[in-house]
Amino acid sequence: MPSPEIDAKVKSAVQRRDLRGRTFTEYARGRISYADLPDRPEYGYLRVSGFSGFTKEDTFAANSAELARALTDIFTPDRRARLRGLILDLRVNGGGSDQLGFQLAAQLTDRPYFAYAKKTRTTDPQPLQIQPAATGSAIAVAILTGGSTVSAGETFTQAMIERPAPTVRIGQPTQGVFSDVMQRKLPGARHNTWRFGLPNERYLTSDGHTFDGPGIPPQIPEPVFTDEEFALDRDSAFDRAAQWLDQ
């Protein structure tokens, strides 16, 4: 599972190796980080380590406002004019709000498209669409994922599958845990503190597929933060993403 320790370790490694020491611009209490690629101002690197905890209040309204502020600051008119591609790093993403994921996805498209459909045992599939932001862009996006991409990090990844612009998934499968959790308390005084949670939704692709369990697979498999990658000072997924953007 994602943890503050692995998040800090990975962020430091990416900054030192991939960005050659270039300082991140940080937003949302450090959960969002951005930098132009060294010597490649036409490409950007955006790291999102969760879709919650952006503010001290940690309410949806406050988090949404902070995300909007970050996206406005990152995607300035000048940067939008020169950006040709984006590496979007979700390899350590602990999840949070699906709607905040939609807010980010809206910035990365210039036209509406199908995200996914949600279904419970007793309901028909409810299709959801990404609606483009006023400043939405159709630049190429390389999404980095791995086993520490969890929950809303996964639903965001699924919402990018049918993005009508060049998009690729690189790395390893996501963790495979999508649903909101239906929480219940067991009855009876003896079980006063006993509770359980049941994931009771399915997130469906346009052809009815779900990724619960195995996770969303990458289109280009690469190792993600293995002991060998750290030992040899490699970041194969990042390097492959940069190569893909150059194609």
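Biologist: Start with strand β8, residues 140–145. How many of its residues are buried?
Modeller: Six of its six, so by the under 20% relative accessible area cut-off for buried, the strand counts as mostly covered. Keep in mind that this is a predicted model.

Biologist: Which residues sit on each side of β8?
Modeller: One side has Ala140, Ala142 and Leu144, and the other has Val141, Ile143 and Thr145. Both faces are covered.

Biologist: Which strands pair with β8, and in what sense?
Modeller: Strand β4, residues 85–89, pairs with β8 in the parallel sense over five bridges. Strand β10, residues 167–171, also pairs with β8 in the parallel sense, over five bridges.

Biologist: Give me a residue pair for each. What is the bridge partner of leucine 88 in β8?
Modeller: Isoleucine 143. On the β10 pairing, leucine 144 has isoleucine 170 as its bridge partner.

Biologist: Now the packing. Which residues touch the most other members of the largest nonpolar core?
Modeller: Ile32, Leu46, Leu88 and Leu104, in a core of 38 residues. At least two residues of this core come from each of β2 (32–37), β3, α2, β4, α4 (98–107), β6 (113–119), β8 and α5 (152–159).

Biologist: Which element gives the largest share of this core?
Modeller: Helix α4, with five residues.

Biologist: And what lies apart from that core?
Modeller: Another core, of 23 residues. Its members include Ala142, Phe225, Ala241 and Leu245.

Biologist: Back to leucine 46. What is leucine 46 in contact with, leaving aside neighbours within four places in sequence?
Modeller: Ile32, Ser33, Tyr34, Ile74, Leu86, Ile87, Leu88, Asp89 and Leu104.

Biologist: What lines the largest cavity?
Modeller: Ile32, Leu46, Val48, Leu67, Ala70, Leu71, Ile74 and Leu104. The elements giving two or more residues to that lining are β3 (40–48) and α2 (60–74).

Biologist: Which element gives the largest share of the lining?
Modeller: α2, with four residues.

Definitions and conventions: Residues are numbered from 1 along each chain as its sequence is written. This is a predicted model: local features need pLDDT of at least 70, side-chain atom pairs count only at pLDDT 80 or more; totals for chains, interfaces and linings use all residues. Side-chain values use heavy atoms; hydrogens and water are left out. Buried means under 20% relative accessible area, exposed over 50%, partly exposed in between (1.4 Å probe, protein chains only). Two strands pair if DSSP finds at least two bridges between them. On a 1 Å grid over the protein atoms alone, a cavity is a set of points where a 1.4 Å probe fits but cannot get out, and a pocket is an open set with protein on both sides within 12 Å along at least five of seven lines; lining residues have an atom within 4 Å of a point. A nonpolar core is a set of buried Ala, Val, Leu, Ile, Met, Phe, Trp, Tyr and Cys residues joined through side-chain atoms within 4.5 Å. Contact means heavy atoms within 4.5 Å.
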